[in-house]
Each structure stands twice: as structure tokens, then as C-alpha cells.
Amino acid sequence: MGRGWIPEISTSKTSANTGEIITISAAAKGANGAQYKYVWQKDNWSSWGIISNFSEKSSVGFRALKAGNYELIVDVKDSYGNIASTKKTVQYKTDWNFTGISGISNNATVNKGSAVSLKANTSGNTSGLKYKFVWSYNNWDEWDVISNDTMANVSFAPEFAGRYDIFVDVYDSNGNVVTKSITFNTKNVGNATATKGQLDALARAKSYLEVMAFSKQGLIDQLKFEKFTDSEASYAAANCGANWNEQAVKKAQGYIKYLSYSKEQLISQLKFDGFTDAQARYGAQQTGVN
């Protein structure tokens, strides 16, 4: 028998926060023995699922944990096997917002080696949010993770002169992620503004680097062992011109010349020496060890 009815769909809300339930109601006036099947899809069917298979239930609940637009589809089948579909789109959004990064203006210029305070500004239900701060120098020639935890505030001291990009991912336990970024530039600090102690520390740092490899932190620690102050040692490390990736390679090559290391052991040793995770992995990779 032909179909003489039209399927209908309605929802209790057209927009909700992630985790909230939206009630989907279906109807097919005039359909004999109507049964209903409920399906959702997101991003042109890149993800989808069956909410409820064919049954007499004319309403069901739907809850999404990921933010985005969801298409809700109802298939209606009558007792003669006639099937017709209808659909409606609803929006899920997070109950928190990431509004931007503060602490430095976009495209500002700061002195190389000067600490920059950064803050991820969020509002709403911020409980449980995590913050991942990453810096990139000269379009990813150098990069590293500053922090990846529940702290929305970090401090970062750029060690090269040039362009830096800061990327911040704010994410919740459901996998919702919002990313924002800022760009700033750094400039060299002229020796005229440096103290005698800083210049002496810089000279000592350069002499060390001529004969052996250091991480930035390792160089600072060595200079402090030589009784330079933290300020003097930090200035020297920031202005000595060392490429810390190259230093990691040299350090790694020195280790494998005399001892047997696996790649992971070498990475661990380099990190113990003060290299960042990215620098340690780069150094180990260049040696070719497995």
C-alpha cells in the first residue's frame, strides 16, 4: 500500500551545552503501526551512530560530548514496510570559552632572554580544563612545549632574536579543544646594557662551548658553579649564540662514541643533562641509533 503520511521531527532544544540531553520527538500522523529509528551524524558522516533502532518509541534522549553541529535523523516505518525520513540540526557547545591570550600584545617586540608572562583567558565552567603552551621560533625551526597541565599562567624566556609564535590549546576531559595563538618578536640586547658580571659570564660560556657541548640549563648550572649569579649565567646562556639542537647532537655523539645506548636511553640521558624533550629527541635522532 502506498504511503499517505509525512514524518515529523522536533527537539526540546536547538542548542545545548556538551553533556546535556536533548529530547527528540517524532510523529507520523496517519501512519499505521508506526515505528521509529533515530540516528545522529556529524561532519558529513565522519562520525555517526544509532540512537535507537526501530521501535514504537516516539521520543528518545540524545547527548553529545563533543561540540559542533549534529544532524538528527528519524526514519519512520509503517506496518506495510513504507519508510520515510526527516531530519533536524542541533548545536552542542562547550560550557566554557577560551577568549584569548594575554601578557603580551600581538606583534610586540621584547628583549631576547626577557621573561614573558602568558595567560590563557577562559570563562564559564573552567573546572578540569587543561592548557598546553607551545612556542615556535622562525616558523618551527625550533620549538618546544612550555607546559601542558592545569595551569593557565606560564612564563617563557625566548632565547633567540627573531619571530616567535605561541600556540595555546585549551581542552576538556571530553576532548573538546580550542586553539589560539599570538606572534611577537625579540631583539638582541646590546652589550652596553649588560653588567660586567654578565659580560664575564658570557665570555666564560663561549670558552666552554668551544671545547664541549652543553644544554642551556647545563651551561647555566656550570656558570653558577663557577660562582656567577643566576642573572649573569642566564644572560650568558641567552646571548652565547649556541644552537641547542646542535649542542644536543654533539653531546649525543660524545656518548655513543664510548658507550652503547638505545635511542630511548640516549634521549633520557640528554634530558638528564638539561636538554628539552624536543632537543633530546633531535640529538638522538641525528646519531642514527635505534
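How does D277 count at 29% relative accessibility: buried, partly exposed or exposed? In this predicted model, D277 counts as partly exposed at that value, because burial would require a relative accessible area under 20% and exposure one over 50%.

**Salt bridges**

The structure holds 11 salt bridges, and D277 takes part in two that are described here, one with K271 and one with R281. D277 and R281 are four residues apart in helix 6, which spans residues 277-287, so about one helical turn separates them. An α-helix has 3.6 residues a turn, so residues three or four places apart point the same way. K271 is partly exposed, with a relative accessible area of 42%, and R281 is also partly exposed, at 39%. Together with E264, the residues K271, D277 and R281 are linked in a network of salt bridges.

E159 forms a salt bridge with K216, and this pair links distant parts of the chain, since E159 lies in the loop between strand 14 and strand 15 (162-171) while K216 lies in helix 2, 57 residues apart. E159 is buried, with a relative accessible area of 13%.

| Salt bridge | Distance between the closest N and O atoms |
|---|---|
| E159 and K216 | 3.7 Å |
| D277 and K271 | 3.2 Å |
| D277 and R281 | 3.1 Å |

**Helix 2**

Helix 2, which covers residues 216-225, has G218, L219, I220 and L223 as its buried residues. What covers these buried residues includes helix 1 (196-211), helix 3 (230-239) and helix 4 (244-258). Just after helix 2, K227 takes a positive phi of about 80°.

**Strands**

Seven of the eight residues of strand 4 (residues 35-42) are buried, so this strand is largely enclosed by the rest of the structure. Strand 4 is joined to strand 7 (residues 68-77) by eight bridges in an antiparallel arrangement, with K37 standing opposite D75 in strand 7. Strand 4 also pairs with strand 5 (residues 47-55), again in the antiparallel sense, over six bridges, and there the bridge partner of Y36 is S55 of strand 5. The hairpin of strand 4 and strand 5 has four residues between the strands, and in this hairpin D43 takes a positive phi near 55°.

Six bridges connect strand 9 with the antiparallel strand 11 (residues 116-124), where A120 stands opposite I101.

Key. Residues are numbered from 1 along each chain as its sequence is written. This is a predicted model: local features need pLDDT of at least 70, side-chain atom pairs count only at pLDDT 80 or more; totals for chains, interfaces and linings use all residues. Side-chain values use heavy atoms; hydrogens and water are left out. Buried means under 20% relative accessible area, exposed over 50%, partly exposed in between (1.4 Å probe, protein chains only). Helices (H or I, at least four residues) and strands (E, at least two) are DSSP runs, numbered from the N terminus. Two strands pair if DSSP finds at least two bridges between them. Contact means heavy atoms within 4.5 Å. A salt bridge is a side-chain nitrogen of Lys or Arg within 4 Å of a carboxyl oxygen of Asp or Glu.
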